[in-house]
Amino acid sequence: MDMELHIKKVDADTVKEFAKKAWELTEAKAAGFKESETVKCLVRKTGAYIHRMEIRDLTLVKLASLTAGFMAGLCAPKKWKKPLMVLAGAVFVLTFIPSMVKFVRGLLVEE
């Protein structure tokens with residue numbers, strides 16, 4: 001059995017860019033950078049922003065998310081369409097039902 005080793009030629013600029021990025025990440029970690037703190041900060045700031053949002057802002061975010069999903073679905077290969085449809089349906093059911101239960105409970109509460 002004859003086996004050949006195929007090596008992809010990589011130019012020097014690609015190697016330099018990779019080394020630079022790796023070094024930057026190493027320096028950031030050495031300086032005390034913690035991903036978890038960054039994520040916590042992002043979540044906190046996102047929550048504060050959501051509390052300041054008006055219904056129009058929320059509608060625009062939801063429409064943008066919806067259209068992004070449509071575009072991703074239209075670009076998907078034919079063999080992925082059915083699994084993506086099942087996944088989208090599951091996500092819809094798992095998010096819509098709890099949201100509507102909470103909404104209906106809110107309607108039933110007297111002010």
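One aromatic pair is found in this structure. The rings of Phe92 and Phe96 have centres 5.0 Å apart and planes at 15°, so the pair is stacked. Here, rings of Phe, Tyr and Trp (its six-membered ring) pair if their centres lie within 6.5 Å, and planes under 30 degrees apart count as stacked, over 60 as edge-to-face and the rest as tilted. You are looking at a predicted model, where local features need pLDDT of at least 70, side-chain atom pairs count only at pLDDT 80 or more, and totals for chains, interfaces and linings use all residues. Residues are numbered from 1 along each chain as its sequence is written, and side-chain values use heavy atoms, with hydrogens and water left out.

- Helices (H or I, at least four residues) and strands (E, at least two) are DSSP runs, numbered from the N terminus.
- Phe92 is partly exposed at 48% relative accessibility, and Phe96 is also partly exposed, at 38%.
- To read those labels, remember that buried means under 20% relative accessible area, exposed means over 50%, and partly exposed lies in between (1.4 Å probe, protein chains only).

**Salt bridges**

- How many salt bridges are there? The count is two, taking a salt bridge as a side-chain nitrogen of Lys or Arg within 4 Å of a carboxyl oxygen of Asp or Glu.
- One of them joins the side chains of Glu37 and Lys40, with an N to O distance of 3.8 Å.
- Glu37 and Lys40 are three residues apart in helix α2 (residues 35-52), about one turn of the helix.
- Glu37 is partly exposed, at 45% relative accessible area, while Lys40 is exposed, at 51%.
- Another salt bridge links Arg56 with Glu54, and their closest N and O atoms are 2.3 Å apart.
- Arg56 counts as exposed at 59% relative accessibility, whereas Glu54 counts as partly exposed at 45%.

**Cysteines**

- How many disulfides does the rule give? The count is zero, where a disulfide is a pair of cysteine sulfur atoms within 2.5 Å.
- Is Cys75 buried or exposed? Cys75 counts as exposed, with 66% relative accessibility.
- Cys41, for its part, is partly exposed, at a relative accessible area of 23%.
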